[in-house]
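Colleague: Please take a close look at one part of this model, the helix packing, and then go on to the ligand site and the local backbone details.

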Amino acid sequence: MLSSKRLENILAKKLKVNSGQVLPTLKRGDVARYFPSSDERIIEYDIDAMVFEERSPFQKIQILHSKTLGNMLVLDELQNIAESDLIYTETLMCRGTENYEDKEICILGGGDGALLYELLKENPKYVVMLEIDELVMQACNKYLNTICGGVLEKRNGKNYDIIVGDCVQYMKKYISEHRKFDYVFGDLTDIPISGTPVGEIWDFIRTILESSFKILKSDGKFLTHGNGTACTESLELFEDQLRTLRPKVKFTTSKAFVPSFMEEWQFYQVSLA
Ligand SMILES: C[S@@+](CC[C@H](N)C(=O)[O-])C[C@H]1O[C@@H](n2cnc3c(N)ncnc32)[C@H](O)[C@@H]1O
């Protein structure tokens with residue numbers, strides 16, 4: 001009889017596996033456990049339960065429970081944020097470097113509520129969050145309460161409003177009203193939902209960038225997440241979009257290892273040159 005060790009050795013030789021490398025077993029089942037990294041490696045998560053799953057008019061929304069990361073928000077099969085990811089929000093908002101006291105802030109997207117929750121702790125004058133998907137907010141309010149506190153419970157508070165709608169349309173309205181903010185946050189899905197048919201995804205991202213600068217004060221800042229630092233091509237494409245903006249902008253970057261992404265992520269701070 002063939003021992004399992006001998007069988008493994010034969011397979012390893014046939015598959016040209018390096019010595020010492022263990023052959024992984026793909027686990028099938030009802031609950032998704034494999035998600036791609038930014039550079040398209042397959043990452044296995046320790047998912048043990050599906051907490052929520054529904055399809056909104058915009059996307060497939062799942063909240064999955066990971067034994068080590070807590071509840072995770074997955075939109076259209078892509079990991080967005082988990083209970084473990086305070087570092088993500090703190091790096092996006094440059095906590096400790098930017099001063100939000102008495103500032104006016106606009107969040108594009110941000111439906112998990114984490115950014116709004118953390119910004120409100122810094123005594124801003126006013127925050128408006130423009131999120132297209134009501135169902136994302138309902139799910140996060142219920143199952144990601146540790147990262148959003150109670151901010152998604154109601155559509156407004158003492159110094160904030162949450163508006164359900166396409167951020168591009170609301171930015172158009174603000175532009176026509178000459179309304180200006182100190183900070184605009186791009187906290188949209190990696191591929192934002194376009195309400196109007198547009199060509200390339202990069203065209204749409206440039207539209208978001210152009211509109212953001214039209215609603216920013218001259219000394220205002222646009223802060224956003226970019227991509228995994230391993231995904232250099234995509235980061236370069238984003239930086240190309242920044243370079244085509246008029247008036248000209250300058251940018252700095254910051255990085256953090258995000259637990260639920262299991263990789264290092266790059267963030268951008270963009271202002272007028
Ligand atoms: C969950 S948040 C945060 C993103 C996340 N931290 C990540 O990893 O990319 C992204 C939100 O952007 C919203 N969104 C996408 N396109 C939008 C648009 N055109 N207007 C407003 N919200 C939009 C999505 O509904 C989603 O809730």
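Modeller: A helix axis here is a line fitted to C-alpha atoms over the stretch in contact, and angles run from 0 to 180 degrees between N-to-C directions. The model is predicted.

With that convention, helix H6, residues 167–176, packs against helix H7, residues 201–214, at an angle of about 30°, and their axes are 9 Å apart. Angles under 35 degrees count as roughly parallel, and H6 and H7 are therefore roughly parallel to each other. Their crossing is left-handed. On the H6 side the contact is formed by Val168, Met171 and Ile175, which meet Phe204, Thr207, Ile208, Ser211, Ser212 and Lys214 in H7. By class, the residues of this contact of H6 with H7 are 5 nonpolar, 3 polar and 1 charged.

H7 also packs against helix H8, residues 232–244: the two axes come within 10 Å and cross at roughly 50°. H7 and H8 are therefore oblique to each other, and the crossing of H7 and H8 is right-handed. From H7, the residues involved are Trp202, Ile205, Arg206 and Leu209, and from H8 they are Ser234, Leu237, Phe238, Gln241, Leu242 and Thr244. The residues of the contact of H7 with H8 divide into 6 nonpolar, 3 polar and 1 charged.

Beyond H8, the chain passes through a loop to E13, and Pro247 is found in that loop between H8 and E13. The peptide bond joining Arg246 and Pro247 is cis, with omega about -5°. Another backbone detail is at Asp76, which has a positive phi of about 50° although it is not a glycine. Asp76 is found in the loop between strand E5 (70–75) and strand E6 (78–82). As background to both details, most residues other than glycine have a negative phi, and most peptide bonds are trans.

Strand E13 itself covers residues 249–258 and includes Ser254. The side chain of Ser254 makes a polar contact with the side chain of Gln269, at 2.9 Å. Leaving aside residues up to four places away in sequence, Ser254 touches Thr91, Trp265, Gln266, Phe267 and Gln269.

Now the ligand. It is surrounded by 25 residues, and the closest are Gln59, Asn80, Tyr88, Glu131 and Ile193. For Asn80, a backbone N or O atom lies 2.8 Å from an oxygen atom of the ligand. For Glu131, a polar side-chain atom lies 2.6 Å from an oxygen atom of the ligand. Thr189 also has a polar backbone atom 3.4 Å from an oxygen atom of the ligand.

Terms used: Residues numbered from 1 in each chain as written. Predicted model: local features only at pLDDT ≥ 70, side-chain atom pairs only at ≥ 80, totals over all residues. Heavy atoms only, no water. Helix = DSSP H or I, 4+ residues; strand = E, 2+ residues; numbered from the N terminus. Parallel < 35°, antiparallel > 145°, perpendicular 65-115°, else oblique. Left-handed = near helix turned anticlockwise from the far one by under 90°. Contact = heavy atoms within 4.5 Å. Nonpolar A, V, L, I, M, F, W, Y, C, P; charged D, E, K, R; others polar. Near = heavy atom within 4 Å. Polar contact = N/O pair within 3.5 Å; in protein donor to acceptor, adjacent residues only side chain to side chain.
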